[in-house]
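Visitor: I'm new to this one, could you walk me through some of it?
Guide: Gladly; let us look at it together.
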Amino acid sequence: MESMIHGVEGFMYPNEIELQWSILIVLYPYITGLVAGAFILASLERVFNVEAVKPTYRLALLTALAFLLVAPLPLQLHLGHPERAFEMFLTPHTTSAMAMFGFVYLWYLMAVLVLEIWLDYRKDIVLMARGSTGRMRQLYRAMALWSDNLSERSLEIDDKVGRFITLVGVPSAFLLHGYVGFIFGSIKANPWWSTPVMPVVFLFSAMVSGIALVMLVYMVACVFRGTVIDMRCLDTIARYLLYTFIIDFALEMLDLIHRIYESDESFKTLDFMVHTQLYFPHIIVQIVLGTILPIGLLGLVQLMSLSEHQRKGFYATAGVLTLIGIFAMRWNVVIGGQLFSKSFLGYTTYKLDFATREGLLPAIIILILPFIILWVLVKLLPPWTQQEPAA
Amino acid sequence: MGTNRREFLKSTGKFVLLTSAAALAWDFLEAGTPEAAPNYKLQEHWWAFAVDIEKCIGCGNCVRACKTENNVPLEPYFFRTWVERYHVPKGDIEHPEVDSPNGGYDGFPARYQPGDGSKNFFVPKLCNHCSHSPCTQVCPVGATFESPDGAVLVDKTYCLGCRYCVQACPYGCRFIDPRTMTVDKCSLCYHRITKGLTTACCESCPTGARMLGDLKNPKDPMHEFLRIHKILVLKPQMATGAKLYYNGLDGSVR
């Protein structure tokens, strides 16, 4: 049936024709996912004593912080009344998953990430304050909270408290992203979103994307600094990436098979959507290029004995594909969930603008911003001071 | 003299314990939501809405009246109420053809031939004023809420414009007003019903297909309507406690 409104096929409830959540809301779970994933990778070293990933420990923490600082930005830009956002803290509606975001976010930012980074860096900050002059000295002194204490006892306390915070941090990271999945998974009106698996899928895809990101940042940083990549570290990270990816893929396939087998009232509509509008972003980009291919590449490394150079190539390709694939996954959830009518009788299209408030340009800026913040953080708090990998 | 010792102690105590401004706020808290009209008591009403599909002729009067009364944007994708036309060929209720040109605002151009073996009817839609509404559940600040009299309302001075409620409504009844960037929806003409009037859509319906009812009023004809008809709500599987009752709702309607 033809429609009177351009871009609509079949019948949509009139109020559904305009999409509510734009590319900015795609970025929100993407960025939070990178944060949670990077943090969980960092925690491997500390909580589970995986020595091999030590060279990326601090880098992973700084990456998580850089992305976490940007995470609320797309939400803020998207709100009809950004100036009222603070009401979420003052008068939160306790039954709303979204209302809890602010608290989970603040808890994670202030109580976990900033504190953990501070405790881990405190000794370095004090030493840098001692070794610098002028404004930088003032800055480092302020960052050390004007303390100059490097006694053995104080460092011991730093380490003890830091370990405790990491222990609290792992479930917090799970909470942060599992809860983002719940925001979508708990909407019973939308069959594309409404599944109890959603928080778990979000969590594992978050770990996948965060691990891939830290792996890439580490490789790029080594190239820029002209240092040798610690292959034991890289191999270990890639192995963890493979394992989490397999779990993530299995969960997503479980959801898919379940949907196909049950074929409930929404199935025909969703199936049609996946075979038409969502075919490219979902089947091609997310599943084939963004999941099966990187899993294949990472798996091959395990099965074959490849040279160091070949492995690096495989890891870099797999890492980039993973980041694209997980972005596609967020896109397909957020945008895909709004392309069909809740009447199951029609479809609309998403028109992505360029230089508007919710257009492509702000999205690109928001995605570049964390890397600039990370660059500043790395300059301020060099994550490589401890021991360099042996050449 | 109306003040006895107990009242005197209560008011003085409040004044001493709280500042006068806080005491005033406390009074409001105790009283519940401030009443909209002087003689209107929230607790004495429980609003519901009924639609008799067999009476709807698709004239679009309700849609026009609603847009005028409530200053709803005129673009074809903002509606507090709208009318859908269903065309069910040969009893195939799984594949109805549905249209709602401009929400039925301009009426419906003739499209189907009588006697072609199909079933044709109109379905007026509006907010279901659910008693377990999924839209109010997700609002991060409680800007949209279920009033004690059964109406689901929006505080536009408080809405963030996050659009979560629009996603959560299974019936597509909410939209973002582009002028205020806050959410908008059917308020059951709250400004009218609290003054003893009916809604603009009911007022303007020429066939009486739409009916506002107060279920706490034992004399309301709604009770009889619900008793003598086979009543259904939209998407009952959503278990939203919808209070928009239909007579003659076909299985093809979603």
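Visitor: In what sense do β1(B) and β9(B) pair?
Guide: In this predicted model, β1(B) and β9(B) pair in the antiparallel sense over five bridges, where strands are DSSP runs of E of at least two residues, helices are runs of H or I of at least four, and both are numbered from the N terminus. Pairing requires that DSSP finds at least two bridges between two strands, and Arg210(B) in β9(B) is the bridge partner of Val51(B).

Visitor: And how do β1 and β11 of chain B run?
Guide: Strand β1 (residues 47-52) and strand β11 (residues 244-247) of chain B run parallel and are joined by four bridges, with Phe49(B) opposite Leu244(B) in β11(B).

Visitor: What order do the strands of the open sheet take?
Guide: The four strands follow the order β9-β1-β11-β10 (chain B), with mixed pairing, and the edge strands β9 (210-214) and β10 (231-232) of chain B each pair on one side only.

Visitor: How do the numbers and letters work, and what does the prediction limit?
Guide: Residues count from 1 along each chain as its sequence is written, while chains are lettered from A and ligands numbered from 1 in the order in which they are written. As the model is predicted, local features need pLDDT of at least 70 and side-chain atom pairs count only at pLDDT 80 or more, whereas totals for chains, interfaces and linings use all residues.

Visitor: Why is β1(B) largely enclosed?
Guide: Five of its six residues are buried, so β1(B) is largely enclosed by the rest of the structure; buried means that 20 or more other C-beta atoms lie within 10 Å of a residue's own, with C-beta atoms placed from the backbone.

How values were computed: A residue is buried if 20 or more other C-beta atoms lie within 10 Å of its own, exposed if 12 or fewer, and partly exposed in between; C-beta atoms are placed from the backbone.
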